[in-house]
Amino acid sequence: MIEFTTLFYGSALLFGVLIIICALRVFLGPTTPDRVVGLDTINTLVVGSMIALGAAMWETLFIDIAIVYAVLSFITTLFIAKYLEGGED
Amino acid sequence: MKRSKAFFSTFLFALFVYLFLTLAAGQSLATESPWSEIIWSFEEIVLGISISLLVAAVTNHILCRKRNFRMMNPGRWVIMLAYTIPLFFEMAKANFDVAYRVNTGNIEPGIVKIDPDLKTDLGVTFLANSITLTPGTLTVDVDEEKNELYIHWIKVGEDPTETISGRFVKWIKRFAE
Amino acid sequence: MTLTLAVVVIIILLYISWIFNGLGTMGLHIFPDVYTRLHAATKCTTFGTMFMSFTVIAYSTRLYIIEGEARFLNMAIHTFIALIALLVTNPTGAHAIARAAHKMGIKPAEAVKDDLEGADLQQKKPVMMKKKDTSNEEGDK
């Protein structure tokens with residue numbers, strides 16, 4: 001039988017493959033907001049794979065880092081969006 | 001007076017988050033009771049109170065910006081928690097909807113204006129986030145004076161205000177106004 | 001690992017998370033413009049990562065009930081807080097990107113209607129910019 005640890009490592013690997021597919025959109029995307037959308041998706045997937053790795057290795061610290069990563073990537077997205085809007089307000 | 005109330009509510013919020021994060025961290029090893037691993041030790045509580053005081057001193061002008069303390073009422077928080085249940089089912093529907101559109105490419109997008117008739121900033125924020133998480137709709141912009149939302153709708157239909165926001169507004173009015 | 005009910009539920013939650021994350025990534029490449037891509041990316045990956053969190057919460061709670069060590073419960077609580085952080089931040093980020101795209105002048109592809117085009121939006125002055133005078137004492141408007 002497969003253990004849960006293997007399943008969680010496997011889901012982290014799957015999320016890694018999905019991150020590479022999203023990175024294609026970052027490279028291809030015709031306009032700048034398209035690239036930002038790809039980046040935002042990558043951030044969410046990184047949080048998901050951190051949670052999976054934390055469960056696989058039994059490190060609660062990974063999940064704390066996932067919380068901080070979620071908030072910081074949100075702030076990054078907001079700043080990029082603000083920069084794209086232009087600086088009149 | 002208002003300032004001290006803002007300080008106190010920020011302090012309570014920070015303390016709650018701190019205690020929730022350190023619940024069951026297994027710190028008080030000295031006692032023998034079965035709860036000793038679950039509840040906090042004395043040192044943990046002292047540290048939590050001092051950190052929360054620091055946080056409240058720095059950030060009380062951000063959390064309670066309008067000096068309106070209706071969210072101090074715990075009943076509103078209970079309703080807010082209950083609101084997550086209908087929101088969850090709407091989210092599930094949204095995902096099957098997106099799955100359908102990914103596979104068939106059946107889209108007819110447009111940007112529509114809705115007037116949800118909410119007064120507070122918190123209510124508009126909750127409504128905008130709920131709309132983004134539910135089927136086929138995405139908040140694009142907001143008119144902050146008239147509280148009107150502009151929604152990107154993936155399949156434009158009739159009567160946008162009622163179709164998009166009718167399900168949420170009656171819930172949100174209960175806790176945000 | 002024997003197949004009890006709890007194990008089956010955990011595995012089903014894990015598969016749902018894989019399926020929806022995959023769908024979100026697919027939608028990112030299939031849809032024609034930035035707004036529809038945001039639909040797929042935001043909803044599906046938020047839902048998928050939410051179910052990843054549910055999986056870890058269910059897994060840790062099951063181990064806590066079996067083994068009774070507090071560190072398993074601690075992990076469930078931290079995962080719950082990560083879930084709340086995701087649920088609050090993700091739609092707001094999507095909203096910021098959509099607004100920036102529209103302000104840059106990108107039109108929705110194949111659009112049948114655009115109410116925002118040429119609309120006159122009013123914005124409040126940010127409260128942080130005010131001087132420290134009586135405005136703090138007035139209360140809500």
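**Chain B, strand by strand**

From the N terminus on, the elements of chain B run α-α-α-β-α-β-β-α. This is a predicted model, in which local features need pLDDT of at least 70 and side-chain atom pairs count only at pLDDT 80 or more, while totals for chains, interfaces and linings use all residues. Residues are numbered from 1 along each chain as its sequence is written, chains are lettered from A and ligands numbered from 1 in the order in which they are written, and side-chain values use heavy atoms, without hydrogens and water.

Trainee: How many helices and strands are there in chain B?

Mentor: Helices (H or I, at least four residues) and strands (E, at least two) are DSSP runs, numbered from the N terminus. Chain B has 5 helices and 3 strands.

Trainee: Over how many bridges do strand 2 and strand 3 of chain B pair?

Mentor: Two strands pair if DSSP finds at least two bridges between them. Thr139(B) stands opposite Ile151(B) in strand 3 of chain B. Strand 2 and strand 3 (residues 148-153) of chain B pair in the antiparallel sense, and the count is 6 bridges.

Trainee: Is Asp141(B) buried or exposed?

Mentor: Buried means under 20% relative accessible area, exposed over 50%, partly exposed in between (1.4 Å probe, protein chains only). Asp141(B) lies in strand 2 of chain B. Its relative accessible area is 4%, so Asp141(B) is buried.

Trainee: Which side chain does a polar contact join to that of Asp141(B)?

Mentor: A polar contact is a pair of N or O atoms within 3.5 Å; within protein, one must be able to donate a hydrogen and the other to accept it, and residues adjacent in sequence count only if both atoms are side-chain atoms. Here the contact is 3.1 Å, and the partner is Arg99(C).
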